Amino acid sequence: MNTNNSKQAFQEAVKHIPGGVNSPVRAFKSVGGNPLFIQSATGAKITDIDQNEYIDYVGSWGPMILGHSHPTVTQALQNTLLSGTSFGAPTLLETEMANLICEMMPSIESVRMVNSGTEATMSALRLARGYTKRDLVIKFEGCYHGHGDSFLIKAGSGALTFGTPNSPGITKGTAHDTLTAEYNNLQSVTNLFDKYKDQIAAVILEPVTGNMGVIKPTDEFINGIRKACTDNGALLIFDEVMTGFRVAKGGAQQLLGITPDLTTMGKIIGGGLPVGAYGGKKEIMDLLAPNGPVYQAGTLSGNPMAMSAGLATLQILNESSTCYDELEQKSAFLVDGLERNLKEVGFPGVINRVGSMFTLFFTQQKTVNNFIDVMSCDTDLFAEYFKLSLESGIYTAPSQFEAGFVSLAHTQEDLQQTIDANKSALQQLNS
Ligand SMILES: *Cc1c(COP(=O)(O)O)cnc(C)c1O
């Protein structure tokens with residue numbers, strides 16, 4: 001496979017872009033080599049600037065549930081474009097978007113649009129603090145909520161201590177307000193509630209994780225957190241930036257049967273344009289300016305381009321009675337094939353899947369249910385697998401700790417080709 005153009009493009013890019021990329025996960029740091037520069041994408045296929053074509057399981061990290069360049073989305077963008085791209089004044093598209101989000105996710109009665117998932121989680125946390133008049137937040141090791149300061153915090157030295165910054169530039173004061181618990185360990189949450197009684201504003205989590213690979217919460221864990229929040233007057237924030245409108249029409253909250261107080265969204269609701277949103281009970285959302293005292297604003301928030309791409313995407317998902325079944329069938333077919341390969345080749349590994357999100361963990365363990373399990377993965381082996389996949393025309397995230405995404409555009413042929421490529425990669429790794 002010739003990737004000379006990408007190599008050269010990367011050398012140019014690093015001159016004036018930090019690390020050559022505008023988001024670190026795009027660099028091939030954890031797998032080695034240079035990122036591929038993308039020329040175009042249609043359906044489930046993505047083409048780099050050396051004209052290599054790949055079956056894409058990154059899907060722009062989640063938004064492209066319909067596949068790339070979906071004609072309806074493209075048409076909506078073209079129509080909107082001709083009427084002007086931003087006015088800084090209300091448009092009908094924003095009301096339509098809000099109505100549709102509230103219809104598809106009934107826990108949301110009122111919703112504010114922002115420009116990224118990061119902005120959504122930052123703002124939801126501010127609102128939770130404003131509403132509860134408390135400062136502390138509980139998050140989970142391995143969950144990702146964008147790059148807001150309060151979330152770039154790792155566990156402190158003891159399980160019950162305040163967190164420490166994950167990045168230079170985050171103050172001790174900020175770290176002091178973030179507590180870290182263990183995913184799928186309810187006791188680690190209730191311990192924090194006991195120790196910091198009446199001080200916890202919110203618990204935030206990925207209700208199904210994608211950012212440490214796919215992990216489903218146990219019933220005990222997710223129900224226990226809901227109850228602990230209610231009992232202690234803290235808000236439960238589901239970060240559904242990835243899972244929203246992905247794992248089910250109504251997101252992970254529908255799948256799990258849990259009603260969060262606030263939900264953050266992004267990715268799919270922008271249909272490939274920059275977007276985020278947060279919403280929940282009207283009583284809480286009404287605290288936001290201009291109704292209430294909690295400030296949050298945005299020059300380009302709810303802009304017509306993002307609204308039309310997002311609306312076109314959500315409308316298709318909402319109006320089709322078959323698309324989530326179709327995603328489920330395609331994803332099950334793929335993952336069944338991958339699991340069969342592991343068995344037949346005699347290769348150790350675990351595959352977790354929830355709807356159209358899946359991760360193949362390169363681990364000796366039998367199950368992967370928490371961050372410690374995730375950390376058992378052999379990232380060097382993953383890096384080798386990643387390169388073999390790429391060479392056989394399969395484009396996956398360049399990191400072990402990510403979800404793969406199946407879209408409605410993946411054909412049976414694409415999926416079978418992926419299964420075959422996986423088998424031959426596993427065989428090569430085994431020899
Ligand atoms: C992607 C993601 C974010 C951040 O969204 P951006 O648009 O990249 O800022 C936050 N939370 C979760 C769960 C995500 O997957």
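**View 1. Residue classes in the lining of the second largest pocket.** In this predicted model, the lining of the second largest pocket divides into 13 nonpolar, 12 polar and three charged residues. Ala, Val, Leu, Ile, Met, Phe, Trp, Tyr, Cys and Pro count as nonpolar, Asp, Glu, Lys and Arg as charged, and the others, Gly among them, as polar.

**View 2. Position and volume of the second largest pocket.** Its volume is about 570 Å³, meaning the space filled by probe spheres set on grid points joined across faces, edges and corners. A pocket is an open set of points on a 1 Å grid over the protein atoms alone where a 1.4 Å probe fits, with protein on both sides within 12 Å along at least five of seven lines; lining residues have an atom within 4 Å of a point. Of the 28 lining residues, Glu-94, Val-111, Arg-112, Met-113 and Ser-301 lie nearest the centre. Helix 3 (92-104) and strand 4 (110-114) each give two or more residues, and strand 4 gives the largest share, four. Helices (H or I, at least four residues) and strands (E, at least two) are DSSP runs numbered from the N terminus.

View 3. Ligand oxygen atoms lie 2.6 Å from a side-chain N or O atom of Thr-118 and 3.1 Å from one of Asn-211. A ligand nitrogen atom is 3.3 Å from a polar backbone atom of Tyr-144. A polar contact here is a pair of N or O atoms within 3.5 Å.

**Notes.** Residues are numbered from 1 along each chain as its sequence is written. Local features need pLDDT of at least 70, side-chain atom pairs count only at pLDDT 80 or more, totals for chains, interfaces and linings use all residues, and side-chain values use heavy atoms, leaving out hydrogens and water.

Note on methods. A polar contact is a pair of N or O atoms within 3.5 Å; within protein, one must be able to donate a hydrogen and the other to accept it, and residues adjacent in sequence count only if both atoms are side-chain atoms.
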